[in-house]
Amino acid sequence: MEPVLDKATIIRPSYIASVELPPRIGPVNVEDLKADLSDEFSLRNSLDSKEHIQVCLRIRPFTASEKENESQDCVSIQDSTSIILKGPKNSMICRQSEKNIGQMVQRFTFSRVFGPETTQEEFFDGTVKQPVQDFLEGRNRLIFTYGVTNAGKTYTFQGTEADIGILPRTMDMLFKSIHGKLYPDMDFKPLRCRDYIRLTKEQVREEVAVKNSILRLMKEVWQNFLYSALQG
C-alpha cells in the first residue's frame with residue numbers, strides 16, 4: 001500500500017517557496033557603489049585626450065612617366081598635418097569652378113602627413129613602430145591601410161630588398177623582442193586556443209616527419225610551377 005502524502009506541504013523543485021522579507025527601515029545608502037563612468041565612455045574625451053584613432057597620409061613621388069608631363073600640383077602640403085587638393089588643370093570641374101567662382105580647393109587635416117621625400121624608415125617610425133611596441137606590452141592595436149590603385153601600397157608594405165617596407169620591419173621588431181626567449185626543443189604543441197600539450201619522443205619524431213613532408217611537397221609544387229612557367 002502506497003503512503004498517502006499531503007500535496008499541500010510538498011514544494012516542487014521547479015517552484016521557489018516565497019519568503020517574507022523583513023520591512024525596510026529607512027533609505028538604503030548606495031553612495032559607495034556609485035561610479036562616474038562618463039569619462040570612460042565618452043567618445044569625444046577619449047579621442048581628444050588619448051588619441052585612440054590616428055589617420056596618417058603618405059604622398060608618393062611622381063613616377064618617371066608622370067615627370068615627363070607637366071606637374072598638375074593637385075596636392076599641396078600645407079604643414080605636417082594638412083593638405084590642399086585642387087582639380088587637374090584640364091578637368092571639367094576645374095574649368096567650371098574657375099568660370100563661376102574661381103578655382104575650388106579643398107583642405108584636409110590628418111594626424112600626420114608624410115611627403116614624397118619620406119623614407120621607409122621614417123614612415124615606419126612615425127606610424128607603425130609605436131603601435132607594435134604597445135602590442136608587445138599587451139595592448140590591443142589595429143592598423144588599417146587604404147589606397148587606390150597605383151597609390152604605392154605594395155611599396156609601403158613590402159618595399160624592396162634594399163629598402164624594406166613596414167611589414168618586414170614589423171616582423172623584424174617582433175622577432176627581435178623574443179630573441180633569447182625561445183624554447184629550443186620541439187616537444188610542445190598548441191592545443192585549441194589557450195592550451196598546449198607536451199609530446200613524447202615518439203610524437204616529436206612524428207611531428208618532424210610531417211613538417212618535413214609538407215616542406216618537401218611545397219618545394220615540389222613550386223618547382224613544377226616554375227617549370228610550367230618557363231615552358232609556357
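Thr118 counts as buried because its relative accessibility is 11%, where buried means under 20% relative accessible area, exposed over 50% and partly exposed in between (1.4 Å probe, protein chains only). This is a predicted model, in which local features need pLDDT of at least 70 and side-chain atom pairs count only at pLDDT 80 or more, while totals for chains, interfaces and linings use all residues. Residues are numbered from 1 along each chain as its sequence is written, and side-chain values use heavy atoms, with hydrogens and water left out.

Thr118 sits in the loop that links strand S5 (112–114) to H4; helices (H or I, at least four residues) and strands (E, at least two) are DSSP runs numbered from the N terminus. A polar atom of the Thr118 side chain is 2.9 Å from the backbone oxygen of Gly115. Setting aside residues up to four places away in sequence, Thr118 touches Arg58 and Phe123, a contact being heavy atoms within 4.5 Å.

**Chain overview.** The protein chain contains 8 helices and 7 strands. Of its 232 residues, 13% are buried. Among contacts with a separation of 6 or more, 46% join residues 24 or more positions apart.

**Helix packing.** Helix H4 (residues 120–127) and helix H7 (residues 166–177) have axes that come within 10 Å and cross at roughly 60°. H4 is therefore oblique to H7. Axes are lines fitted to C-alpha atoms, for helices over the stretch in contact, and angles run from 0 to 180 degrees between N-to-C directions. Angles under 35 degrees count as roughly parallel, over 145 as roughly antiparallel, 65 to 115 as roughly perpendicular and the rest as oblique. The crossing of H4 and H7 is right-handed, that is, the near helix is turned clockwise from the far one by less than a right angle. On the H4 side, Gln120, Glu121, Phe123 and Phe124 meet Ile166, Arg169, Thr170 and Met173 of H7. By class, this contact of H4 with H7 comprises 4 nonpolar, 2 polar and 2 charged residues. Here Ala, Val, Leu, Ile, Met, Phe, Trp, Tyr, Cys and Pro count as nonpolar, Asp, Glu, Lys and Arg as charged, and the others, Gly among them, as polar.

H5 also packs with H7, at an angle of about 30° and with the axes 11 Å apart. H5 and H7 are therefore roughly parallel to each other. Their crossing is right-handed. Lys129, Val132, Gln133, Phe135 and Leu136 of H5 make the contact with Thr170, Met173, Leu174 and Ser177 of H7. The classes in this contact of H5 with H7 are 5 nonpolar, 3 polar and 1 charged residues.

**Ile197.** Ile197 lies in strand S7 and is partly exposed, with a relative accessible area of 35%. Its C-alpha atom is separated by 8.3 Å from that of Asp187, 10 residues apart along the chain. Not counting residues up to four places away in sequence, Ile197 touches Asp187, Phe188, Lys189 and Leu191.

Terms used: Polar contact = N/O pair within 3.5 Å; in protein donor to acceptor, adjacent residues only side chain to side chain.
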